[in-house]
Amino acid sequence: MISIVESIIYFERKHDVAYLLSLGMSKRRLLLLSLLESVLLGLIMASGGCVLAGVFYYYMNDVFVLKNVIGFSLSLKKILFHEYDLFAVVFIVYMLMCILSALLPMRTMMYVNKIDVLREE
């Protein structure tokens with residue numbers, strides 16, 4: 001889903017990319033700009049996902065008292081160092097997916113003929 005959203009973002013901006021490249025912006029700088037944008041988007045998504053998972057975990061255990069309804073409770077196990085390592089793993093996976101899904105469409109956008117893109121309406 002992240003890849004689809006990132007691809008749509010960059011294909012909707014192909015005119016902007018063509019303008020920036022034709023005005024003299026280097027491909028490296030444009031790639032870094034798109035990388036920064038995807039990192040910020042990934043930070044927002046990853047932190048939101050971790051907060052939602054934490055709220056769901058504590059709601060199910062403390063508010064809903066899952067142990068009284070079903071007979072067991074949710075528990076976080078230690079993966080590497082701490083019981084909240086799972087949130088760090090989810091955070092890193094979100095960031096990697098956002099970065100990779102932004103780099104692939106941007107790489108294809110770099111090699112598109114700028115004149116043909118600018119002629120399109």
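## A chain of helices

From the N terminus on, the elements run α-α-α-α-α-α. The chain holds six helices and zero strands; both kinds are DSSP runs numbered from the N terminus, helices being H or I with at least four residues and strands E with at least two. This is a predicted model, where local features need pLDDT of at least 70, side-chain atom pairs count only at pLDDT 80 or more, and totals for chains, interfaces and linings use all residues. Residues are numbered from 1 along each chain as its sequence is written, and side-chain values use heavy atoms, with hydrogens and water left out.

Start with the overall form. The C-alpha trace spans about 65 × 30 × 15 Å along its principal axes. Of the 121 residues, 24% count as buried (under 20% relative accessible area, with a 1.4 Å probe and protein chains only).

Now take helix H5, residues 85–110. Its 26 residues should span 38 Å at 1.5 Å a residue, and its end C-alpha atoms are 38 Å apart, so the two agree. The expected span is 1.5 Å times one less than the number of residues. Among the buried residues of H5 are Cys98, Ser101, Ala102, Pro105, Met106 and Met109.

Helix H1 covers residues 2–12 and packs against H5 at an angle of about 35°, with the axes 9 Å apart. Axes are lines fitted to C-alpha atoms over the stretch in contact, and angles run from 0 to 180 degrees between N-to-C directions.

Note on methods:
Buried < 20%, exposed > 50% of the residue type's maximum accessible area, 1.4 Å probe, protein only.
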